[in-house]
Amino acid sequence: MNSTSENKSQKNSAVSSLTRRNAAAVREIQLTEYQPIVYAIPKEQREMEQQLLMDAAAFQPILYRQIETLATREELVDQLTQFENRQNRYLTLTVEGLQETSEKLLEAVRRTVSQDGKAREAFISGCSSELEQSRQRIEHTIAGMRRKILWLMVGTSLGAVVLSVLACAVFWKLAA
C-alpha cells in the first residue's frame, strides 16, 4: 500500500501533466489557421467548439483541485480504522467504568443487606428480651394473684367456719 504523500505526488503529476497537455492542445488549436481539408465547418460551429474546448480546459484545473482535496480509498480506510479503534477504546472504557460502578453498587447493597440483617437481629433480640421480661412479670403477677386468691379462699373458708360456729352457738343458745 502506498503512503499518502506518494499517492498525492502521483496524482499531482498526472493532473499537472494532463493540464499541460490540454493547455498546449488549446494553444495549438488557437494558433492553427483555418484550413479546410475535406469538409468545411461553419464558423459559428467552429467557434462554439473552440469555446467548448476552452471552457473544458479552464474548468479542468478547478475540477482537479477539487478532486485533489478528496480523500483516497486508503485514507478513508485509515480514517475508518482510526475511528473504529477510538470507538472500541471508548466502548472498553465505558464497559470497564460500568462494571466498576456496578461492583461498587453491589458491594454497597451487600453492606446494606448485612446491616439490615444485623438491625433486624438486634430488633428481634430486643423484642424477645422484652417479651421474656413481660412474660416473667405476668407470671409473677399471676403467682401473686394465686396467693391472694388462696388467702382469700382460706380466709373465706375460715370466716364461714367461724360464722357457722357462731350461728350454731346462737341457735343453740336460743334453743336452750
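The structure is a predicted model, in which local features need pLDDT of at least 70, side-chain atom pairs count only at pLDDT 80 or more, and totals for chains, interfaces and linings use all residues. Residues are numbered from 1 along each chain as its sequence is written, and side-chain values use heavy atoms, with hydrogens and water left out.

The chain contains three helices and zero strands, both kinds of element being DSSP runs numbered from the N terminus (helices H or I, at least four residues; strands E, at least two). Of its 176 residues, 5% count as buried. The chain exposes about 15600 Å², of which carbon and sulfur atoms supply 63%; accessible areas come from the Shrake-Rupley method with a 1.4 Å probe, and for residues only the protein chains shown count as cover.

Four salt bridges are present in the structure, each defined as a side-chain nitrogen of Lys or Arg within 4 Å of a carboxyl oxygen of Asp or Glu. Side chains of opposite charge can pair when their charged atoms come close. Glu100 pairs with Lys104, the closest N and O atoms being 3.4 Å apart. Both residues lie in helix H3, four residues apart, about one turn of the helix. Lys104 counts as exposed, at 54% relative accessibility.

Asp116 is partly exposed at 36%, whereas Arg120 is exposed at 54%. Arg135 forms a salt bridge with Glu139, with closest N and O atoms 2.4 Å apart. Glu132, Arg135 and Glu139 are linked in a network of salt bridges.

Helix H3 (residues 73-175) also holds Leu150. Leu150, Trp151, Val154 and Leu158 form a nonpolar surface patch with about 450 Å² of accessible area together. Patches are made of residues with over 30% relative accessible area and no salt bridge, like charges being joined within 9 Å and nonpolar side chains (Val, Leu, Ile, Met, Phe, Trp, Tyr) within 5 Å.

Technical notes: Buried < 20%, exposed > 50% of the residue type's maximum accessible area, 1.4 Å probe, protein only.
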